[in-house]
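Here's a quick tour of one protein model, going from the overall fold to a few backbone details. Have the viewer open and follow along.

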Amino acid sequence: MSDEEYAPLPFTPLIIIGAGRSGTNALRDALTRLQDFETWPCDEINPIWRHGNLDLPTDEIPPERATPVVRQAIRSSFYRIWQKQGCPRFVVEKTCANTLRVPFVDAVLPEALYIHIVRNGFDIIVSARKRWRGELEVPSLSYYAAKARYAPLSDLPRYAVSALRNRLAIRFGRQEHFDSWGPRFSELGSLSGAPLDEIVARQWAACVTSSDAAFAQIMDSRVYQMRYEDFTNNPADSLADITKWLGVAARQTQLIEATSSITASSVGKGLAASETLPEKIKSLLAPSMRAHGYQE
């Protein structure tokens, strides 16, 4: 392994960790409206994170899989986007599947800082079940082209076939929801035929439990913990706290403008729905809900 391969990056990778539908997009977008924060011009970069580990059936990549070749490939991708985006101080990344492999991410990017955002599990079920059913999908050629542009060429065929199969099955009514949406966790393969709400609950619990365990082993000074509800209720103030933690100066007018599109309109929508959820599903959510101060 060369010295260059492990040379420190000339910027700080800022990794947002959060389960699907936890506000990771809104947080990334708010940050990258500020000076010195940039990101990829696409939604997520899971193909970059998975490169060299596509043989694994889930997104739970252990840290020992961060081989020199894998590490160099991912770090090079970060370096290239940093150069392309004008050499900012921070490169922001928010692939939700990283909730299941924080130690792997940390092995690849030991200089990274993390923002861990968590949302009420009941609201997650209401929101994520729509994505699993394809109800919030607004696919366009430009959307897929942007994602494909940053996927390793050798991996593209597998992703294309999987995406097409899932969407055609939904379109023609062969199944009610995707085989997989969001982070692929180890239990997913055994949940065929399970109610969708149970799949969503187990996915959220797996993501939050895994990231909580990982951050317990990482220095507190490298991790900023936040809740979606606090962020959406006071977005400008929340962003001010983050920039202060990062040592970045930002004017109040900039913070207000960066968060102008963020609202709390979706907060609490899962509360009414929770009254009809089976106790089994509530029990799946309960430990992580308690850990983050939510009422069950």
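**Overall picture**

Keep in mind that this is a predicted model. The protein has 13 helices and 5 strands. Of its 296 residues, 50% are buried. Looking at contacts with a separation of 6 or more, 79% come from residues 24 or more positions apart.

The 5 strands of the open sheet run in the order β2-β3-β1-β4-β5, with parallel pairing. β2 and β5 stand at the edges with a single partner strand each, so one side of each has no neighbour in the sheet. If you zoom in on β4 (residues 113-118) and β5, you'll find them paired in the parallel sense over 5 bridges, and V118 sits opposite R227 in β5.

α1 lies across β1, β2, β3, β4 and β5, at about 150° to β1. Helix α10 (residues 235-246) also lies across β1, β2, β3, β4 and β5, and runs at about 175° to β5.

**Helix α13**

How far apart are the end C-alpha atoms of α13? They are 19 Å apart, which agrees with the 18 Å that 13 residues should span at 1.5 Å a residue. Still, α13 bends by about 40° at L285, and a proline, P287, follows within four residues.

Which residues of α13 are buried? They are I281, L284, L285, A286, S288 and M289. An α-helix has 3.6 residues a turn, so residues three or four places apart point the same way. The cover over the buried residues of α13 includes α5 (121-132) and α8 (196-215). After α13 comes G293, with a positive phi near 80°.

R21 and D36 both sit in loops, the former between β1 and α1 and the latter between α1 and β2. R21 has a positive phi although it is not a glycine, and D36 likewise is a non-glycine with positive phi. R21 counts as partly exposed because its relative accessibility, 29%, falls between the 20% and 50% cut-offs. D36, at 35%, is partly exposed too.

| Residue | Phi | Relative accessible area |
|---|---|---|
| R21 | about 70° | 29% |
| D36 | about 80° | 35% |

Technical notes:
Residues are numbered from 1 along each chain as its sequence is written. This is a predicted model: local features need pLDDT of at least 70, side-chain atom pairs count only at pLDDT 80 or more; totals for chains, interfaces and linings use all residues. Side-chain values use heavy atoms; hydrogens and water are left out. Helices (H or I, at least four residues) and strands (E, at least two) are DSSP runs, numbered from the N terminus. The expected span of a helix is 1.5 Å times one less than its number of residues. The bend at a residue is the angle between axes fitted to the seven residues ending there and the seven starting there. Buried means under 20% relative accessible area, exposed over 50%, partly exposed in between (1.4 Å probe, protein chains only). Contact means heavy atoms within 4.5 Å. Two strands pair if DSSP finds at least two bridges between them. Axes are lines fitted to C-alpha atoms, for helices over the stretch in contact, and angles run from 0 to 180 degrees between N-to-C directions.
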